[in-house]
Amino acid sequence: MAEKTYLQAISDGLRQEMRRDERVFVLGEDVGVYGGAFKVTLGFQEEFGPWRVIDAPLSETAIVGGCTGAAMMGLRPVAEMQFADFISCAWDHLVTVAAKQRFRAGTPVPIVVRLPSGGGFSGGPFHSQNPESSFAHIPGLKCVCPATPADAKGLLVSAIEDPNPVLFFEHKHLYRRIKAEVPDERYTVPIGKARTHREGEDVTVVTWGAMVYTAEEAAKELDAEDVSVEIIDLRSVLPWDKAAVLESARKTSKVLVLHEDTRTGGFGAEIAATIAEEAFEDLDAPIKRIAAPDTPVPFSPTLEKAFIPQVADVTAGLRELAEY
Amino acid sequence: MAVREAEPVGSLREVREAGLDREDLLGIYRNLLITRGIEERGHILYRQGKIPGSFYTGRGNEAAAVGVATAMGSDDVGAPLQRDMGVHVTRGVEPWRIFAQYMGRVDGPTRGRDGNVHMADHRFGLLAMVSHLPAMLPVAVGCALAFRIRGDKRVALGWFGEGSAARGDAHEAMNFAGVRRLPVVFICDNNQWAYSTPTHLGYAVEHLADRAAAYGFDGVVVDGTDALAVYREAKRAIEQARAGGGPTLIECQTLRMEGHAVHDDAFYVPKEMFEEWAKRDPLERFRTWLRENAEFDDDEEDELTAGVKKLLNEAIRRAEESPLPDPSTLLEGVYATPEDLETPHHK
């Protein structure tokens, strides 16, 4: 066990799987010689060769469509989008081909698409988005959003093993900022099982990705005010751990749903609706959503700060719920 | 690297040189008859209200589809489209399962989950098309990439129409395949009409195969009503790909002899065009060739057509016995299980 960054954990998990299973290969832009835009595959081409760490042309459609074909022929492709934002160029291949192939034609499509996502460093409208809600609406896909280094590795291994198309949203703001103990050996973290990031009694925060840490800071502030906050890290939004969320909602009776993606139609709406349907009688306050406003992600730091939910936004929301 | 226009096929000797014996030739004719027969019978079933949704045929494209599929090796794979029934037939998909597919029954290749020609039996190396043409081209390129990575001597075939050639998928697929010299053959069914859109509103080069040069590989234009010429060109391209020589783009020129689908009377296609191409009917053309070059006589022909008729009658009967899917099974199969990966392809 060693302390590793979130980025190193992803890189280690991927390398371990490539060493273990020769069917696993990487296809993406600049993943070879350059080692990927964020250096997740740095040194991979030297170890695995140019036909397992394949530099693709600027062709997201050919990357995801190509991985789909290769998966149907028995390989285990891991595609890299340089930024999650560019997945829009491959929407058709995920949603039209890969997601529906098992249902209609009986042929599984075991692919992983790695998606460096999220904002916080002036990436602007096209290098900062969190598009997981769009894909969480598509039956046939899985959407994974790890928050910790250990989960990033274990969920990546699960994603590669999974016989379905899995979108792996790795938050860029966590890449080098978050460090924690990560087991050296191979292990899996099951997709669809939430993690209790922090136990509490008074209010539940349901969140995932980088917002887990925003919630954690807010929870610490609330400790001083004698409000005990529980944080449920969903780890994946498709499938999502409804049972864990409902259990926590019933325990604290007050729920705040927090995400970095925009509010309207965001995945938080699904969570809030489910709690309202299934745990209404257990609630002592209306469910509260905190999310980005309905705008594209802005560039300038002052605007971006106003866009991404901040610790102060979450503490205000928690106080409101605590006092209700 | 100018585009090459393929010569028509002449004598039986020439055909033998291309690797076909007399039995193969009769097999091609039989597959052509079955292909047209399935679509003609399907049309009747549609009018009888037995086929839900819409109904598409590939009338005029039978020789192009059968010719290419005949050239494929048994381990090769392909993603044929809605004008390529002949590929399914030639690869061995049983006609009764195709009728079951048309009628949304559980024994169709998609078990009623998808309709018309949106089907494939992966046991025969076929991949099920989607409506978003030419989305299967990047998928075929991905199959070829897998073959290249593993060093398999297999080839992938991707079909597209001249209409869908306008979409970006075609460019990305061909560009990537050209860059990596992957074992893939691109087959363009150029039937001259993308729904109601004529070719001059779809592309600005003389031949679609001209585009191959831009991707660094060969382009060939072939008369898609000539089953043997299509076979010869497909065989050459497939074996070149298998040997590591990279992709080829084959443009099969035909005319879509019916509307886009059964609801469309194709009023926008000039009558003279239909009359002209009717003279080049691919089945009649091949039948005449067999009679002139391969001693195909009345007795043999009668026996063959009677056999096909019996096959189709039996197929429809069996398909109609296949049940409609049980609504309680709706939720099944959205997600794959690890056991689903235990197929020949996924190993």
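User: Which residue stands opposite B:Ile250 in E8(B)?
Analyst: B:Val220 does. Keep in mind that this is a predicted model.

User: And which strand pairs with E8(B) there, and in what sense?
Analyst: That is E7 of chain B, residues 218-223. E7(B) and E8(B) pair in the parallel sense, with six bridges.

User: What unit do E7(B) and E8(B) belong to?
Analyst: They make a β-α-β unit with helix H8 of chain B, residues 227-242. The unit is right-handed.

User: What about strand E4 of chain B? How many bridges join it to E8(B)?
Analyst: Six. E4(B) covers residues 184-190, and it runs parallel to E8(B). One position to look at is B:Phe186, which stands opposite B:Leu249 in E8(B).

User: Is E8(B) mostly covered or open?
Analyst: Mostly covered. The strand spans residues 248-253, and six of its six residues are buried.

User: Which way do its residues point?
Analyst: B:Thr248, B:Ile250 and B:Cys252 point one way from E8(B). B:Leu249, B:Glu251 and B:Gln253 point the other way. Side chains in a regular strand alternate between the two faces of the sheet.

User: Switching to helices. At what angle do the axes of H2 and H3 of chain B cross?
Analyst: Roughly 135°. H2(B) is residues 22-47, H3(B) is residues 62-71, and their axes come within 10 Å.

User: What do you call that arrangement, and which hand is the crossing?
Analyst: At that angle the two helices, H2(B) and H3(B), are therefore oblique to each other. Their crossing is right-handed.

User: Which residues meet there?
Analyst: From H2(B), B:Ile28, B:Asn31, B:Leu32, B:Thr35 and B:Arg36. From H3(B), they meet B:Glu62, B:Ala63, B:Ala65, B:Val66 and B:Thr70.

User: Over to chain A. What is the strand order in the five-strand sheet?
Analyst: E9-E11-E10-E13-E14, in an open sheet with mixed pairing. E9 (195-198) and E14 (288-292) of chain A are at the edges. Each has a single partner strand, so one side of each has no neighbour in the sheet. The twist averages 25° from one strand to the next.

User: How do E10 and E13 of chain A run?
Analyst: Parallel, joined by three bridges. E10(A) is residues 203-207 and E13(A) is residues 255-262. One bridge pairs A:Val206 with A:Val257 in E13(A).

User: Which helix lies across E10, E11, E13 and E14 of chain A?
Analyst: H11 of chain A, residues 311-323. H11(A) runs at about 170° to E14(A).

User: Is A:Leu258 buried or exposed?
Analyst: A:Leu258 sits in strand E13 of chain A. It is buried, because 26 other C-beta atoms lie within 10 Å, and the cut-off for buried is 20 or more.

User: What does A:Leu258 touch?
Analyst: Leaving out residues up to four places away in sequence, its contacts include A:Val205, A:Met211, A:Pro309 and A:Val314. A:Ile290 is another contact. A:Leu258 and A:Ile290 are 32 residues apart in sequence, yet 4.8 Å apart in space, C-alpha to C-alpha.

User: What is the order in the sheet of seven strands?
Analyst: E3-E2-E4-E5-E7-E6-E12 of chain A, an open sheet with mixed pairing. Its edge strands are E3 (53-55) and E12 (236-238) of chain A, and each pairs on one side only. The twist averages 20° from one strand to the next.

User: And how do E2 and E3 of chain A pair?
Analyst: In the parallel sense, over three bridges. E2(A) is residues 24-28. A:Gly28 stands opposite A:Asp55 in E3(A).

Definitions and conventions:
Residues numbered from 1 in each chain as written. Chains lettered and ligands numbered in written order. Predicted model: local features only at pLDDT ≥ 70, side-chain atom pairs only at ≥ 80, totals over all residues. Buried ≥ 20, exposed ≤ 12 C-beta atoms within 10 Å, placed from the backbone. Helix = DSSP H or I, 4+ residues; strand = E, 2+ residues; numbered from the N terminus. Pairing = 2+ DSSP bridges. Right-handed = clockwise from strand over helix to strand, strands pointing away. Axes fitted to C-alpha atoms, helices over the stretch in contact; angles between N-to-C directions. Parallel < 35°, antiparallel > 145°, perpendicular 65-115°, else oblique. Left-handed = near helix turned anticlockwise from the far one by under 90°. Contact = placed C-beta atoms within 7 Å.
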